[in-house]
Amino acid sequence: MKNATEVLEFAGKNNVVMVDLKFTDWPGTWQHFSVPLHQLDVSSFEDGFGFDGSSIRGWQAIHTSDMLVIPDATTAMLDPFTEHPTLSMVCDVVDPITHERYSRDPRWIATKAVNYLKMTGIGDEIYFGPEAEFFILDSARFETTSNSGYYFLDSIEGRWNSGRDEDGANLAYKPRYKEGYFPVSPSDSQQDIRTEMALEMERVGIVVECQHHEVATGGQAEIDMKFNSLVLMADQLMLFKYIVKNVALRHGMTATFMPKPLFNDNGSGMHCHQSIWKKDKPLFAGDQYAGFSEMGLHYIGGILHHAKALAAFTNPTTNSYKRLTPGFEAPVNLAYSSRNRSAACRIPMYSPSPKAKRVEVRFPDPSCNPYLAFAAMAMAGIDGIENKIHPGEPLDKNIYALSPEEAAGVPTMPSSLQEALENLQADSGFLEKGDVFTHDALEMWVRYKRENEVDPVRVRPHPHEFELYFDI
């Protein structure tokens, strides 16, 4: 659908009774409220609907709380999970007095990043193809109080259950640790639920390329979407998460995009394939290393140069840094290579076609807000192009096998969210170009993360500390 009239006609044909209006807060959670269909008319796509912005994380103060959502007609679809026919639309957020786009609306920040790319003349579109991994679990329990704290995850697939009495029998088909990629059923017990997720995605317009079990035991999964332009892909990733979680719920299961829910097995990453195009021509194909162009190498240079600051958006949780540890698939070393999956930036070599030339940035994880993470990576790459930041020599060997002397010369990702936030404060100028990220929004993010995540985790005893220290 392209406009308000088409949306209203679609709603009528499908007997819609409710309209669900969705938008994204700063931490990256879809928020929504619903109105009866009779409240929606052509003027609604300009006048919007009011809501309380002070109740949204990272947004307005209570004395300036009134905000508007403006539905985007191009995102209209039937919600696949509501009992009553419901029209769902992604919305932009505006100020009700000035009617200007709200500076802290993540979707507006993503839009401004694309606008900045066009303003520079470098290109007219930047494409993203994220590979979001997640776990499908049978149970997840957790609690923290003044005198206790625990979590307990369970999965019929979990290798830790190989000796459990399961209704008098244990059939033993449980993927070994780090060997979930990717034996057939019965070891892979989740083929059908992943297919159901993929089919629900295709029904609402997401083009799925493949689905499969991932490396970890306990139900780790991946479903890959075809690449799309920056803002549309961020919209799709929010819808992707919504579908994954609700299909899991439909089966009495739960899904998490937490980067590192299991100890001693692979965490969930979100490798992001990126490329810039202009007038339908791919700009990263050329005659340099791995068939890349000089512009493409400079884009990689920008990503690597600003990676420590990018981490505040691409790896924005304290749990993210349980995944970013040497020895697993998450690349902590800031280098680039072709084919080498231990490098932070990889140039895939599956196809010689210029249209397939892209960089795969491998350190992000799916806990991020996609609008903010994609915008931040785009701005880092553009800064690399503008300032001709060369990424140096490629590292075409297993980085984890480097000698201590060799490894010492390779910079690494931050080891904590606190370190990432400090790097963001020290290196934010590239994000503020074109007013894409406002200084006010960046200050809010650092303050929000420290007060709500870094400090609360820092001051609480960790269960493993009792293993280490209780008998001292």
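Analyst: Contact here means heavy atoms within 4.5 Å. This is a predicted model, where local features need pLDDT of at least 70, side-chain atom pairs count only at pLDDT 80 or more, and totals for chains, interfaces and linings use all residues. Residues are numbered from 1 along each chain as its sequence is written, and side-chain values use heavy atoms, with hydrogens and water left out.

Start with Phe240. Setting aside neighbours within four places in sequence, Phe240 is in contact with Ala132, Phe134, Met201, Ile206, Ile223, Met225 and Phe257.

Now the core itself. A nonpolar core is a set of buried Ala, Val, Leu, Ile, Met, Phe, Trp, Tyr and Cys residues joined through side-chain atoms within 4.5 Å. Buried means under 20% relative accessible area, exposed means over 50%, and partly exposed is in between (1.4 Å probe, protein chains only). The largest core has 124 residues. Phe240 is one of the members that touch the most others, and so are Trp26, Phe128, Met197, Phe313, Phe374 and Phe437. Helix 5, residues 230-250, gives the most to this core: 13 residues. Helices (H or I, at least four residues) and strands (E, at least two) are DSSP runs, numbered from the N terminus. A second, separate core has six residues, including Ala335, Leu395, Leu402 and Val410. In soluble globular proteins, nonpolar side chains tend to be buried together.

Next, the helix pairs. Two packed helices are described by the angle between their axes and the distance between the axes. Axes are lines fitted to C-alpha atoms, for helices over the stretch in contact, and angles run from 0 to 180 degrees between N-to-C directions.

Helix 4 (residues 191-203) packs on helix 5 at an angle of about 135 degrees, and their axes are 9 Å apart. Helix 4 is therefore oblique to helix 5. Angles under 35 degrees count as roughly parallel, over 145 as roughly antiparallel, 65 to 115 as roughly perpendicular, and the rest as oblique. The crossing of these two helices is right-handed. A crossing is left-handed if the near helix is turned anticlockwise from the far one by less than a right angle, and right-handed if clockwise. Which residues meet? Helix 4 brings Ile193, Glu196, Met197, Glu200 and Met201, while helix 5 brings Phe240, Ile243, Val244, Val247, Ala248 and Arg250. By class, this contact has eight nonpolar, no polar and three charged residues. Ala, Val, Leu, Ile, Met, Phe, Trp, Tyr, Cys and Pro count as nonpolar, Asp, Glu, Lys and Arg as charged, and the others, Gly among them, as polar.

Another pair is helix 6 (residues 294-314) with helix 10 (residues 417-426). Their angle is about 120 degrees, with axes 7 Å apart. Helix 6 and helix 10 are therefore oblique to each other. Helix 6 passes helix 10 in a left-handed crossing. From helix 6, Lys308, Ala309, Ala311, Ala312 and Phe313 make the contact; from helix 10, Ala420, Leu421, Asn423 and Leu424 do. The classes are seven nonpolar, one polar and one charged.

Last, a buried residue in a loop. Asn319 sits in the loop between helix 6 and helix 7 (320-323). Asn319 is buried, with a relative accessible area of 13%. Beyond its neighbours within four places in sequence, Asn319 is in contact with Met258, Pro259, Lys260 and Pro261.
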